[in-house]
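Subject: Structure handover

Hello,

Please find the structure below, followed by notes on what was found in it.

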Amino acid sequence: MKNQPAPPPPDAPGHAGGGGRGAGGVHERPGAKPTAPLPRPERSMMRRRPGALWAGALVAVLALLAACTAAAAATITRRQHQRGASAAAAACDAFAAGRWVWDASYPLYDAARCPFIRDEFACARFGRPDTAYLKYRWQPEPPCAQPRFDGLALLRMWGGRTVMFVGDSLALNQYESLLCMLHAAAPGARTTASPASGKIDPSYTVRFEDYNVTLVYYLTHYLVDLVPEKAGRVLKLDAIDQARNWLGADVLVFDSWHWWPRTGPTQPWDLIQEGSTVVRDMDRTRAFTKALHTWAAWVDANLLHTDTKVFFQGISPSHYRGQDWGASPKKTCMGETRPLNGTGPYPGGPIPQQAILRSVLAGMAKPVYLLDFTYLSQLRKDAHPTKYDGGIFAGDCTHWCVAGLPDTWNVLFYAALTGQI
């Protein structure tokens, strides 16, 4: 990745701070076309002309062998073509190879005109004074083409369909960004929200009535079930009964990990259960892995033979440790106004759970597209709400401002939906 710093914006300080995707389509199993059975000869003809009949049968068998050989050759050709296409796709990684560039046409919409942004993401509403974080566009390296977002085309494509984001507040971040992008594309479209209060318990729905498009956010911190029992709140690693609420969606976007490392007062469970075994704690990455396998088994069992498109959001990074981007260990995202654009990997390295997520997705029968946002988001130490979140968190370096970085997530989501990447 070339080091080409963006020109400093008028309101930014002078300093500059320093995957693989799952399958995107349906598995094909090419094979030869079935051949019709040979017609049964009349007995009288068999008695009169046995030599001619055997000769004819031999010709038919040879023709059948030739057809099978041609079909096999065609199958090999298709497989070679698919391997070539896969190699070409692998050469273009719009998520992991690119840089943030200054774009005067950004942001993609005016956050003040979007009615769907919650206080925790509404940085401009709560007085964030700089606007540089709004002006950066992700530019993938060649041979990737620059993906484009067309909100009206997306509304038309999704007509009569339900799109559901399932996960924690990082899924909510992307969901609200997408609502704003669609609203900006069709500002006069009638929308209805349910519940009208905006409360998420456990879901929230917005319908674009003129396009018959329904977008749902379903809150679940762990994907698997968290059940209140007499012994306490039990996190059940092998149970996913809540998933019945996800059936019927035409597009599903999942995320998880953010809540798994939590301990102390913010930990929402008391016990962990798998089968008949109940423990007070276990290695959190191990628990996360078990839960992912439970989720994957549910997807394969319930969605394999459906047209539902399934995506998984890459693990979203936080910026509480300055050493992760080459700054002082005491530094956080507070006061950061420029992205990191370097010539190599992110200094803090990949998030270890990324490899686990990729491994689980690769072993599934149902194709799941990994929206691998992690690396490009690691570079955006400038894009968090920090203290401009209505006082909900104290120095938030986990979530993202809207408008802001999640808009890029949705540009790439749209590109994946439409085959641009």
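Tyr 106, Arg 137, Trp 138, Gln 146, Pro 147, Thr 408, Val 411 and Leu 412 line the second largest cavity. A cavity is a set of points on a 1 Å grid over the protein atoms alone where a 1.4 Å probe fits but cannot get out, and lining residues have an atom within 4 Å of a point. Two elements give two or more residues to this lining, β2 (136–140) and α8, and α8 gives the most, with three residues. Helices (H or I, at least four residues) and strands (E, at least two) are DSSP runs, numbered from the N terminus. The volume of the second largest cavity is about 50 Å³.

On provenance: this is a predicted model, in which local features need pLDDT of at least 70 and side-chain atom pairs count only at pLDDT 80 or more, while totals for chains, interfaces and linings use all residues. Residues are numbered from 1 along each chain as its sequence is written, and side-chain values use heavy atoms, with hydrogens and water left out.

The largest cavity has a volume of about 60 Å³, a volume being the space filled by probe spheres set on the grid points, which are joined across faces, edges and corners. Its lining includes Trp 100, Tyr 106, Tyr 133, Arg 380 and Thr 408. Helix α8 (residues 405–417) gives the most to this lining too, with three residues.

Two of the residues that line the largest cavity, Tyr 133 and Trp 100, also have a charge over the ring (NZ of Lys or CZ of Arg within 6 Å of the ring centre and within 35 degrees of the ring normal). For Tyr 133 the charged end is that of Arg 128, 3.9 Å from the ring centre; for Trp 100 it is that of Arg 380, at 4.5 Å.

Aromatic pairs come next. The structure holds 21 of them (ring centres of Phe, Tyr or Trp, its six-membered ring, within 6.5 Å; planes under 30 degrees apart are stacked, over 60 edge-to-face, the rest tilted). Trp 257 and Phe 288 are edge-to-face, with 5.0 Å between centres and 65° between planes. Trp 257 lies in the loop between β9 (251–254) and β10 (271–274) and Phe 288 in helix α5 (residues 284–303), so this pair ties together parts 31 residues apart in sequence. Trp 257 is buried at 13% relative accessible area, and Phe 288 is buried at 1% (buried is under 20%, exposed over 50%, partly exposed in between; 1.4 Å probe, protein chains only).

Phe 311 and Phe 413 also form an edge-to-face pair, with centres 5.0 Å apart and planes at 85°. Phe 311 is in strand β12 (residues 309–313) and Phe 413 in helix α8, so the parts tied together are 102 residues apart in sequence. Both rings belong to one aromatic cluster, whose members include Trp 158, Phe 165 and Tyr 369.

There are 16 salt bridges in the whole structure (a side-chain nitrogen of Lys or Arg within 4 Å of a carboxyl oxygen of Asp or Glu). One of them joins Arg 128 and Asp 130 at 2.9 Å, N to O; Arg 128 is buried at 8% and Asp 130 at 10%. Another joins Lys 381 and Glu 336 at 2.5 Å. Lys 381 lies in the loop between α7 (374–378) and α8, and Glu 336 in the loop between β12 and α6 (353–362), so the bridge ties together parts 45 residues apart in sequence. Shared partners join Lys 331, Glu 336 and Lys 381 into one network of salt bridges.

Regards

Notes. On a 1 Å grid over the protein atoms alone, a cavity is a set of points where a 1.4 Å probe fits but cannot get out, and a pocket is an open set with protein on both sides within 12 Å along at least five of seven lines; lining residues have an atom within 4 Å of a point.
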